[in-house]
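Had a look through this one for you. My notes are below, as promised.

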Amino acid sequence: MADSDEGASLGVWIGLSIIAVVSFYCQAAVTEERFVPALNVVAIKFNIPDDVAGATLMAAGASSPELFSSIVSLFITHSALGLGTIVGSEIFNQLVICAGAVFSAKSGYLELDPAI
């Protein structure tokens with residue numbers, strides 16, 4: 001009788017790693033071929049500057065799957081997952097993005113462009 005404490009075999013880990021790499025590659029290909037050109041069309045149609053479109057439309061598009069899955073879990077499956085998850089995730093994302101922007105600034109602070 002085998003112990004229940006044994007982990008997955010090496011073959012399982014290799015298979016899962018290959019699946020993860022392929023799925024990341026496929027997601028990158030879809031994003032590059034479909035998502036970015038669609039955002040460019042929206043930015044051109046509404047005369048949105050590239051940097052503003054990248055910061056707002058890209059963030060909204062990247063967060064929409066989480067929003068829709070939380071809506072489904074809240075209203076259809078009546079799960080405890082819901083608004084708190086979305087709000088907590090968005091707060092974390094905004095804080096990390098702002099902190100990353102400050103840390104990547106060469107001077108240590110960010111200057112806002114008055115033209116925006």
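Predicted model: local features only at pLDDT ≥ 70, side-chain atom pairs only at ≥ 80, totals over all residues.

1. On the overall layout, the chain has 3 helices and 0 strands. Going along the sequence, the pattern reads α-α-α.

2. How much of the chain is buried? Of its 116 residues, 9% are buried. The exposed surface comes to about 9600 Å², and 70% of that area is supplied by carbon and sulfur atoms.

3. Now the helix pair. Helix α1 covers residues 10-45 and helix α2 covers residues 50-75. Their axes come within 11 Å of each other and cross at roughly 130 degrees. That angle is why α1 counts as oblique to α2, since roughly antiparallel would need an angle over 145 degrees. As for handedness, α1 passes α2 in a right-handed crossing.

4. Which residues meet where α1 and α2 touch? From α1 there are Phe35, Val36, Leu39, Val42 and Ala43; from α2 there are Ala53, Leu57, Met58, Gly61 and Ala62. Sorted by class, this contact has 9 nonpolar residues, 1 polar residue and no charged ones.

Technical notes
Residues numbered from 1 in each chain as written. Heavy atoms only, no water. Axes fitted to C-alpha atoms, helices over the stretch in contact; angles between N-to-C directions. Helix = DSSP H or I, 4+ residues; strand = E, 2+ residues; numbered from the N terminus. Parallel < 35°, antiparallel > 145°, perpendicular 65-115°, else oblique. Left-handed = near helix turned anticlockwise from the far one by under 90°. Contact = heavy atoms within 4.5 Å. Nonpolar A, V, L, I, M, F, W, Y, C, P; charged D, E, K, R; others polar. Buried < 20%, exposed > 50% of the residue type's maximum accessible area, 1.4 Å probe, protein only. Areas by Shrake-Rupley, 256 points an atom, 1.4 Å probe, with all protein chains shown as cover.
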